[in-house]
Amino acid sequence: MMTAIRNLSLEEIEKADIRDYGMYIVPLAKKMKEFIAASNNEDAAVVAALNNFDSSYELLTVLKDKCESICLGIDKIAELTGAKKKFIYLPEGCETFAQCLKKYAGDELTIEYGIVPVREHRGSLIVHLETARKAGDMALGNDYDNTPVKIEMIGSETKTVFEMAYVPYGTPLSELASIDKDNVKMIKVAGRLKGLDFLNTSIEKDLPLGDGVIRIYDKICCIVDQVQKDVKVNRSRSCGKCTFCREGLAQQDMRLDEIEDKAGVLRALDVMKKIGESMVYSTQCSIGEFSGLEAADSIDMFRDEYESHIKKKYCPTGACKSFIRMYVDPRKCDGCMVCLNVCPDNCIEGMEGYIHIIEDDYCSKCDRCIEVCPQNAIVKTIEKAPALPDRMTKAGRFKRY
Ligand code: SF4
Ligand code: SF4
Ligand code: SF4
C-alpha cells in the first residue's frame, strides 16, 4: 500500500516547533530560513548526520528503523529551502543502514562515512538525522512530537536502565527509571555535567540530549579517571584541522595524565578549565565545541577531588590504579614465593623464607598475587601503607609494626 505523503510548509514546521536534535536544539525553521537567506551557491546542500561529537552512535539503534522518514525528511527540507544537493553522513561500518536508506533515497542523495567535514560543507544546512526523521514523520502523518532517549547507570559496571526509545516530550525522568539519588554523584548529558537536581527534570524540547544517552554516575566513579578516559576518546576523534581542538585536547590529556601519574600541579586545573571554555569559540564543529567542557565542568563541580589527587596523592573513590597501594603484610608473609612467581610485572622481590616486598611503582594492580597468596598477606588499599621492611627480612622477624 502506498503511504500518503503530505506537503509541508516552512510555517507548519515553525508552528510544530521542531528543534534540531543533539547538541544545539535550534528550531529547524530558523535554520532553514537562515539557509535560504544566505544561500547563494549551487553547492549548498542539506547535510544530515549525527552530531560529530556523538561517539557512542547509540541513536542508530532507533534511527535504523526510520530510513523512510529520514530520507523523506531530507527531501522535504531540501525542497522547502531550494537546496540542490543532499548528503547523509554515517559512522564507519554502517553499510547495512546505508543500504536501507538507499531504498528510499533519490539519486541525488549521497551517502558518506565519518564525521561531517564542516569546512567542506560551509554554507550548507547541517541537521541531525533525528531532525530529518521528525520532518519525514510529519510529512507521513506519523507521530513526530517525541524524542529518543536512553538512560545508563555508570559505576563499577555500566548498565542500561532505560533502553533507547522514543518518549513523548514532557516525560519526567523519574517515569523512565527509578534512581537511588543517595548513590548518584553526577549526571552527564550532551557532554555537560549536571548535579542531582537534574534528576527532577523532564524530557523537553529545549533539553539538548547529545547522543541521546543520559549517563548517571554513581559515587564509586572517580572524576579524574572518568574525565581522563573521555578526553582520550574525544582526542582520538578530532580531525586536527582546528588548532584549539587539536592542541586543547592534547593539553587537557597531558595534564590529566600528570595528575594520574602523581605529578599533577594545582595550576593545571585553571589551565584545563580555560582551555575547555576557549575551545567553544575557536573550533569548527561539535567535537571541538563540547569536548573540552567536561574537564571544565568537572573542575567547577569536583575541585576538592582533583585537589585530593594532586596534593594528597589520594583518590577518594579508589578508582585510579596509580593511587592504589599494594603491599605485603610483614606479619603474615611466610616467604613461600608463590606471589613472586605469578607476578607479570616482576615487581615482587623476595627469597624463600623472607618477607616479600612489592615495588608499588611498577605494579599494574592485576591482583594475581592476592589471588594466590596462601596467607592472605597481600593488601590492596587507597590508604597510606604502614611501615614496611626496606631490606630482606626473615619471615616472622619484622618487629617495627
Ligand atoms: S573542531 Fe575538531 S573535529 Fe571539528 S573540525 Fe575542528 S579539529 Fe576537526
Ligand atoms: S598486583 Fe599484579 S603486578 Fe602488582 S604485585 Fe601483584 S601480581 Fe605483581
Ligand atoms: S604468596 Fe603471600 S606468603 Fe607467599 S611470599 Fe607472597 S606474600 Fe608472602
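Colleague: Which residues of helix 2 and helix 4 meet each other?

Modeller: Met 32, Phe 35 and Ile 36 of helix 2 meet Ile 77, Leu 80 and Thr 81 of helix 4, where a contact means that the C-beta atoms of two residues, placed from the backbone, lie within 7 Å. The residues of this contact are five nonpolar, one polar and no charged, with Ala, Val, Leu, Ile, Met, Phe, Trp, Tyr, Cys and Pro counted as nonpolar, Asp, Glu, Lys and Arg as charged, and the others, Gly among them, as polar. The model is a predicted one, in which local features need pLDDT of at least 70 and side-chain atom pairs count only at pLDDT 80 or more, while totals for chains, interfaces and linings use all residues. Residues are numbered from 1 along each chain as its sequence is written, and chains are lettered from A and ligands numbered from 1 in the order in which they are written.

Colleague: And at what angle do helix 2 and helix 4 pack?

Modeller: Helix 2 (residues 28-38) packs against helix 4 (residues 67-81) at about 45°, and their axes are 10 Å apart. Axes here are lines fitted to C-alpha atoms, for helices over the stretch in contact, and angles run from 0 to 180 degrees between N-to-C directions. Helices (H or I, at least four residues) and strands (E, at least two) are DSSP runs, numbered from the N terminus. Helix 2 is therefore oblique to helix 4; angles under 35 degrees count as roughly parallel, over 145 as roughly antiparallel, 65 to 115 as roughly perpendicular and the rest as oblique.

Colleague: How many bridges join strand 1 to strand 4?

Modeller: Four bridges join strand 1 (residues 45-49) to strand 4, and Ala 49 has His 128 of strand 4 as its bridge partner.

Colleague: What about the five-stranded sheet, which strands are at its edges?

Modeller: That open sheet has the order 6-5-11-8-9 and mixed pairing, and its edge strands are strand 6 (158-168) and strand 9 (192-194). Strand 5 (residues 146-154) runs antiparallel to strand 6, joined by eight bridges, and the two form a hairpin with three residues between them. Strand 5 also pairs with strand 11 in the parallel sense over five bridges, and Met 153 has Ile 216 of strand 11 as its bridge partner. Strand 8 (residues 184-189) is joined to strand 11 (residues 213-218) by four bridges in the antiparallel sense, with Ile 187 opposite Ile 216.

Colleague: Changing topic to the ligands, which residues come closest to ligand 1?

Modeller: Cys 239, Cys 242, Cys 245, Cys 285 and Gly 288 are the closest of the 14 residues that surround ligand 1, a residue being near a molecule or strand if its C-beta atom, placed from the backbone, lies within 6 Å of it. Helix 9 (243-260) and helix 11 (286-291) each supply at least two residues of this shell, which divides into six nonpolar, six polar and two charged.

Colleague: And which come nearest to ligand 2?

Modeller: Ligand 2 has 15 residues around it, and Cys 343, Asp 345, Cys 363, Cys 366 and Cys 369 come nearest. By class, its shell has ten nonpolar, one polar and four charged residues.

Colleague: Last one, how many residues surround ligand 3?

Modeller: There are 14, the closest being Cys 333, Cys 336, Val 338, Cys 339 and Cys 373, and the shell around ligand 3 has nine nonpolar, four polar and one charged.

Key:
Pairing = 2+ DSSP bridges.
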